[in-house]
Amino acid sequence: MIKLLLCVSVVVMIENGQSHPSPPSGQSYSFISIPPQPYGYSFMDASRDAPIQFEVFLDLICPDSKNAFPTLKMLADHYGNKKMRLSVLSFPLPYHKFAYLAAQGVNVVASVTNSSTKTWDYMKMMFDAQPAFSDKETVNMTTTEIIENMGKIAARVGVPSNTWSNNILSSAYDTRTQWKYGCRRGAAGTPWFLINGVTVMGQPTWSVEQWQKLIDPLIQQGADCISQ
């Protein structure tokens, strides 16, 4: 049986102080800012009106996230961008040494290229190169070396090396607020799945067919409601 856990948390906080180091003007690291648009990197710019809103929190250095990633893309292709909006959100786990830096890289690629295709291509390339960024392989490497190696991957999707190096560390605020958002949504590991705002205790090994058993009835229920 698939268990669904409903997590509803709406929190608006006003804070007078400012943490250190200083975030962008008018914002604070201490609480979650209200974003100008929902967090996440949508696959193929799918519709925000799609009946299935599928949010997935991933860590680019997490092997389970890597295992789930191809199936999620196949699932989105199966339903199309009018029936499903698949969005990936960064949730770097603290026990993966360079996961936070990898998440910052996604922000850079997304903002510089302004392309969902290139952003998803970058995430795939990072998953393909994941062993090179594992804790074991990077134990004797510096942060500068890691930034350079990630930058080589970003260059393959059109991010110039100087733009990468100038922006990778300055993207910390967006990464941090997205991580806090994940905590508020109940994420406690990766991959973490939510469908239409409800946590789904799925597995990274689930096939397209297994996801269909959950999603198809939801689409049918939505269609029945519209027809009534």
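Helices α2 and α6 lie roughly perpendicular to each other (65 to 115 degrees counts as roughly perpendicular). This is a predicted model, where local features need pLDDT of at least 70, side-chain atom pairs count only at pLDDT 80 or more, and totals for chains, interfaces and linings use all residues. Residues are numbered from 1 along each chain as its sequence is written, and side-chain values use heavy atoms, without hydrogens and water.

**The helix pair**
- The axes of α2 (residues 99–113) and α6 (residues 172–184) come within 9 Å and cross at roughly 110 degrees.
- Axes are lines fitted to C-alpha atoms, for helices over the stretch in contact, and angles run from 0 to 180 degrees between N-to-C directions.
- From α2, Tyr100, Ala103, Gln104 and Asn107 meet Ala172, Asp174, Thr175, Arg176 and Gln178 of α6 (contact means heavy atoms within 4.5 Å).
- Helices here are DSSP runs of H or I with at least four residues, and strands are runs of E with at least two, numbered from the N terminus.

**Strand β3 and its partners**
- Strand β3 (residues 52–58) is largely enclosed by the rest of the structure, because 6 of its 7 residues are buried (under 20% relative accessible area, with a 1.4 Å probe and protein chains only).
- β3 runs parallel to strand β4 (residues 84–90), and 7 bridges join them (strands pair if DSSP finds at least two bridges between them).
- Phenylalanine 54 stands opposite leucine 86 in β4.
- With strand β5 (residues 192–195), β3 pairs in the antiparallel sense over 4 bridges.
- Phenylalanine 57 stands opposite tryptophan 192 in β5.

How values were computed:
Parallel < 35°, antiparallel > 145°, perpendicular 65-115°, else oblique. Buried < 20%, exposed > 50% of the residue type's maximum accessible area, 1.4 Å probe, protein only.
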